[in-house]
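Work through the exercises below with the sequence and the model open beside you, and try each task before reading its solution.

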Amino acid sequence: MNEAIEFTVGFSHGVEWGWPIGVYLLLAGISGGALIVSLALRYYQRQSVETPLLKAASLVSFVTIVFGMVFLVGDLEKPLYFWKILINYNFKSVMSIGVLALCLYIPLTFVLVAIVFEGWIKEHLATTPLAKLFFLFPLLKALRPAVEVLAFVFAIVVCAYTGFLISVLVRFPLLNTAILPALFIVSGLSAGTAFSSLIASFFFQADAHAGDMKTLHTIEWPVMALEMLLLFMLFVSLIVGTSFDKQTAGAFFQGGYSALFWFGVVGIGFGVPLVLNFLLGKKVAHSAFTFYLSGTASVLGVLSLRLFILYAGQTFSA
Amino acid sequence: MEQDEKRRNFLKYLGASSVVVGTIGQGVLAEEQAQTSNEGKKPHYGMIFDQNKCVGCTECEVACHKINAVPQGQARLYVQNKTDPATPMEKRYVRVSCQQCEDAPCVNVCPTKACHRDEKTGIVTMNADDCIACKYCIVACPYDVRFINHETKAAENCNFCFNTNFAKKQDPACVQACKYKALVFGDLNDPDSYINQILHVKDAVRMKPTFGTKPSLRYIPVVKVGV
């Protein structure tokens with residue numbers, strides 16, 4: 001930097017993108033992660049029936065992304081003008097690209113829910129005016145392979161765009177890194193897996209220790225390891241970087257947000273599932289209590305990660 | 001021999017003609033350049049802040065608030081006191097405002113193109129009606145000089161008084177208000193402009209140039225003299 005002359009004040013209020021954006025980032029991650037995992041499993045296991053996991057994941061992906069939109073629009077200072085973003089596009093802006101992706105992704109998740117829940121819908125909604133739309137089901141069935149592929153691709157795009165969205169913010173060394181989109185995809189997988197497993201088991205009677213749930217349980221650990229590796233890489237890239245990067249590395253050790261990292265991300269997100277599943281014996285590891293607590297802890301861990309990245313990221317600026 | 005003569009003549013004519021054609025060409029080129037700088041070439045507005053002249057009276061701030069109707073407690077322009085506490089008699093003030101980057105991140109990230117570069121003048125300004133106040137431009141700005149106007153609920157920056165004084169072909173309010181001529185506004189693409197004359201004779205720097213956004217504001221810092 002040129003130190004002959006510089007200013008050190010700004011016109012923003014520190015953290016301009018606060019917790020609503022953090023919650024949105026979590027919900028988008030859950031939505032994309034749940035679809036990626038369940039559709040990949042369906043493909044590799046050559047499943048043809050509607051498994052409890054697929055039911056849970058399709059429902060989760062649709063509901064979480066819709067709630068995400070509520071938080072996203074709610075964070076605008078002019079929420080009633082959100083439609084302006086749908087008619088004006090700037091293809092240099094990650095946000096515009098993300099909006100386009102969401103405009104395709106949200107209907108896709110909705111259609112997927114309709115396809116997966118065809119039986120339930122025909123059973124429960126036959127007496128409602130919606131029954132007039134039942135003639136669409138054969139068409140949806142024909143389109144299903146295309147819908148699944150597109151939903152899978154856009155699930156990845158949505159997870160990744162949330163990372164790119166904030167990695168272009170050059171002022172903040174913690175955010176302006178190439179690792180962020182990858183970290184958001186991987187942590188989205190982790191939260192999406194955990195959340196859809198919980199729903200599959202609680203509402204759709206999936207056996208928590210057999211079939212898809214068992215497969216997910218084995219995938220969970222490599223995904224967590226990858227998440228740890230990416231966080232470690234992020235930290236190392238900061239401590240070996242410029243003077244601003246080194247200063248930003250302090251986010252992991254000083255101030256309130258470092259507590260969010262160590263208690264939330266490491267303690268709850270990594271610690272609780274690891275302890276429950278590996279350290280307290282087989283009996284505890286196979287209990288329903290562990291299944292639900294460990295899944296909840298994973299989701300909370302990813303929420304902490306999103307909030308930590310967002311808040312600590314905007315606190316340390318170059 | 002005869003061939004040699006021919007060759008010499010040829011070279012002679014070639015030399016003579018090149019001088020003639022060259023000068024004509026030069027003349028045409030100069031004319032073209034003059035034309036483009038006045039009409040065809042787009043202006044590139046910039047500003048100089050001379051730290052040697054600023055006394056920190058903040059009359060520029062007051063004028064900016066008034067002309068641009070900036071709400072109380074908010075600012076498009078702020079004069080920061082950067083005086084070293086070890087040498088309290090050597091005052092150092094710095095202008096804090098939009099740096100009017102040539103490659104502006106705020107314009108790049110704005111999803112609705114509300115934050116845009118004016119086609120004709122190249123000035124980075126705001127269409128408040130299209131702004132949905134997503135604050136993306138605020139977090140994207142390397143200089144942290146943007147804010148949401150409490151009254152219009154739209155993001156805002158120093159746009160050289162684009163909608164007020166500039167529209168009336170006047171200098172920005174801060175430049176008019178400065179009694180010490182610490183601020184100079186002008187077209188950097190016009191070789192004869194006063195701002196360019198100053199830049200030719202004084203050392204000026206850009207703020208945080210490593211961000212690579214090519215700011216149009218230039219700062220002339222106080223330089224220590226002697227040993």
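Helices (H or I, at least four residues) and strands (E, at least two) are DSSP runs, numbered from the N terminus. This is a predicted model, in which local features need pLDDT of at least 70, side-chain atom pairs count only at pLDDT 80 or more, and totals for chains, interfaces and linings use all residues. Residues are numbered from 1 along each chain as its sequence is written, chains are lettered from A and ligands numbered from 1 in the order in which they are written, and side-chain values use heavy atoms, with hydrogens and water left out.

**Exercise 1. Describe chain B as a whole.**

Step 1: begin with the secondary structure, where chain B has 6 helices and 9 strands.

Step 2: turn to burial, where buried means under 20% relative accessible area, exposed over 50%, and partly exposed in between (1.4 Å probe, protein chains only). Of the 227 residues in chain B, 48% are buried.

Step 3: consider the contacts, a contact being heavy atoms within 4.5 Å.

Step 4: finish with the surface, computed by the Shrake-Rupley method with a 1.4 Å probe, where for residues only the protein chains shown count as cover. Chain B has an accessible surface of about 12600 Å², and carbon and sulfur atoms hold 54% of that area.

**Exercise 2. How many residues does the largest nonpolar core have, and which of them have the most contacts inside it?**

Step 1: a nonpolar core is a set of buried Ala, Val, Leu, Ile, Met, Phe, Trp, Tyr and Cys residues joined through side-chain atoms within 4.5 Å.

Step 2: the largest such core has 99 residues, and A:Tyr105, A:Ile166, A:Leu183, A:Ile309 and B:Tyr136 have the most contacts inside it. Helix H4 (residues 94-116) of chain A gives the most to this core, namely 13 residues.

Step 3: for B:Tyr136, set aside the neighbours within four places in sequence; its contacts then include A:Trp17, A:Phe164, A:Leu165 and B:Val109.

Step 4: a second, separate core of 49 residues includes B:Cys54, B:Cys60, B:Val70 and B:Cys101.

**Exercise 3. How many residues does each chain bring to the contact between chain A and chain B, and what area is buried there?**

Step 1: chain A brings 38 residues to the contact and chain B brings 52 residues.

Step 2: buried area is the accessible area (1.4 Å probe) that two parts lose on being put together, summed over both. For chain A and chain B this comes to about 3900 Å², with 62% given by carbon and sulfur atoms.

Step 3: on the chain A side, A:Ile5, A:Phe7 and A:Phe11 lose the most area to chain B, and together they make up 23% of what that side buries.

**Exercise 4. What do the end-to-end spans say about helices H2 and H10 of chain A?**

Step 1: the expected span of a helix is 1.5 Å times one less than its number of residues.

Step 2: helix H2 (residues 52-74) has 23 residues and reaches 33 Å from its first C-alpha to its last, close to the 33 Å expected.

Step 3: helix H10 (residues 255-279) has 25 residues, but its end C-alpha atoms are only 31 Å apart, short of the 36 Å that a straight helix would reach.

Step 4: the bend at a residue is the angle between axes fitted to the seven residues ending there and the seven starting there, and H10 of chain A bends by about 45° at A:Gly267.

**Exercise 5. Where does A:Arg46 lie, and is it buried or exposed?**

Step 1: A:Arg46 is in the loop between H1 and H2 of chain A, and its phi is near 50°, a positive value in a residue other than glycine.

Step 2: A:Arg46 counts as exposed because its relative accessibility is 73%.
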